[in-house]
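I opened the model today and wanted a record of what I looked up. My notes are below, in the order I made them.

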Amino acid sequence: MTHTNATTFDNDAKSCYNRIIMPLASLLSQRLGMVAKACKLFLKVLIAGKYIVKTQHGTSSNTYSMTSENTMHGPGQGSRRSPSIWTIVSTVIMACMEDHGTGMHICSPDGSDSITQTMTGFIDDASNFCNDFIKGLDGTNSVTELMDKTQETSQLWEELLHAMGGKLELPKCFTYMIIWQFDNEGRAHIVPPHELSPITITDSEKKQEITIMTKPCEETHKTLGSMESPIGNYTDELKRLTSKAHKMAVSLKTAVISRKQAWVYYCSMAALGIAYSLPAGTLTKEQCKTVQAPLTTALLPALGYNLNMPRKLIHGPTLIGSLGITPLSAKQGSQKIHTVIQHLRMNSTLGQVIIISLGGAQQVAGTSAPLLTKPNQYVPHLADEEWIIMLME
């Protein structure tokens, strides 16, 4: 929206659970208040325990265990303690990044709201951010300086992870370079990756320099189940949801279940599974119909209804005798509104970002009426901001 430069470094920690140094994890657990005796007992169990391997082919007759010659790291394969221990370890690294990393800073047009965020992560997947927002608004930012900061921040994360026993899966890492260029008419476009120099990271374990791939900003990647890209390209997400809906429809058609069970499957699994990513993305009404069509076609016969019954009866409320199958486009709108209200009331990081984004959109729109109070107002200057336009509708 502001056409300011920014970069992201998306990375994956290799075998994050199996590389945890358990004495270090024990110290960090005690730092948070865990009893020392409990930590000691846990470490003794790991040292003395004998482990077997169980697969579909059966249980192994041989066992393996820790020895002085073969020290194993991690809390044990399949351990339920792994996620919480990794959380304890990784949050320490993230705290170091907040102190020494560059991070991303954004603020509202009047400067009353601002937020700085260095990175975000989910288990072994993390994203680091870099920008210089104020210089970007002034037009005095340097692309070379931004690239240098991106490389320094990415290298810092790799070294901190290595110091804690971890390792980056560098071939899986990639960057998005959101670098803007303006033509003689003032129109902005994002510089393609082949016109930019990629960043490199030195592997702290092997001492090798590895070039990190730069993805085009229109290319999507899967994050928490949703196909996302910096410029809001949801073509791949549409394909993913359509394919998912077809698979669910086949399961519904071939299952020998009662009408009640069919309705429970649709409400508790199919509808929720399809609508999961809708608050983050933007699908048009026609695209929503394309996704929902196979599920509706499979559900109606399973419930004992004719396929040709009027759509008003299918999607209308149950209070007037309709089926109450919510149109996916309406579901998308209601979930967006719910997400906005939820994060604003929680005053979460995302809630602060939404406030800043709405403030910027208000200025770009150039209207006196607040955007969300006039859902039908014509805002041509916001034509590219599909998420906000869909929220207004």
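This is a predicted model: local features need pLDDT of at least 70, side-chain atom pairs count only at pLDDT 80 or more; totals for chains, interfaces and linings use all residues.

These entries go from the whole protein to single residues.

**Overall**

I counted up the secondary structure and got 12 helices and 17 strands. For the extent, I took the C-alpha atoms along the principal axes, and they fill a box of roughly 75 × 65 × 40 Å. Of the 393 residues in the protein, 39% are buried. I then checked the accessible surface, which comes to about 22700 Å². Carbon and sulfur atoms own 55% of that surface. On contacts, I looked at those with a separation of 6 or more, and 62% of them join residues 24 or more positions apart.

**Helix 1**

Which residues of helix 1 are buried? I went through residues 22–31 and found Met22, Ala25, Ser26, Leu28 and Ser29. They sit on the same side of the helix, because they cover an arc of only 165 degrees around the axis.

What do the buried residues of helix 1 pack against? I get helix 2 (36–48) and helix 3 (82–100).

**Nonpolar patch**

I searched the surface for nonpolar side chains and noted a patch of about 440 Å². Its members are Phe122, Ile123, Leu224 and Tyr276. I followed up on Phe122, which is in strand 8 (residues 119–122). Its relative accessibility is 47%, so Phe122 counts as partly exposed.

**Cysteines**

How many disulfides are there in the whole structure? My search came back with zero. Cys96 is in none, and the nearest cysteine sulfur to it, that of Cys130, is 17 Å away. Cys288 is in none either, with the sulfur of Cys267 as its nearest, 18 Å away. Cys96 counts as partly exposed because its relative accessibility is 28%, whereas Cys288 is buried, with a relative accessible area of 2%.

**Ser277**

Next I looked up Ser277, and found it in the loop between helix 7 (259–275) and helix 8 (285–303). Is it buried or exposed? Ser277 has a relative accessible area of 6%, so I filed it as buried. Leaving out residues up to four places away in sequence, I listed what Ser277 touches: Ser226, Glu237, Arg240 and Leu241.

**Ala302**

My last stop was Ala302, in helix 8. At 21% relative accessibility it counts as partly exposed, because buried means under 20%. Setting aside its neighbours within four places in sequence, I found Ala302 in contact with Arg259 and Ala262.

Key. Residues are numbered from 1 along each chain as its sequence is written. Side-chain values use heavy atoms; hydrogens and water are left out. Buried means under 20% relative accessible area, exposed over 50%, partly exposed in between (1.4 Å probe, protein chains only). Helices (H or I, at least four residues) and strands (E, at least two) are DSSP runs, numbered from the N terminus. The arc is that of the directions from the helix axis to the C-beta atoms. Contact means heavy atoms within 4.5 Å. Patches are made of residues with over 30% relative accessible area and no salt bridge: like charges are joined within 9 Å, nonpolar side chains (Val, Leu, Ile, Met, Phe, Trp, Tyr) within 5 Å. Accessible areas come from the Shrake-Rupley method with a 1.4 Å probe; for residues, only the protein chains shown count as cover. A salt bridge is a side-chain nitrogen of Lys or Arg within 4 Å of a carboxyl oxygen of Asp or Glu. A disulfide is a pair of cysteine sulfur atoms within 2.5 Å.
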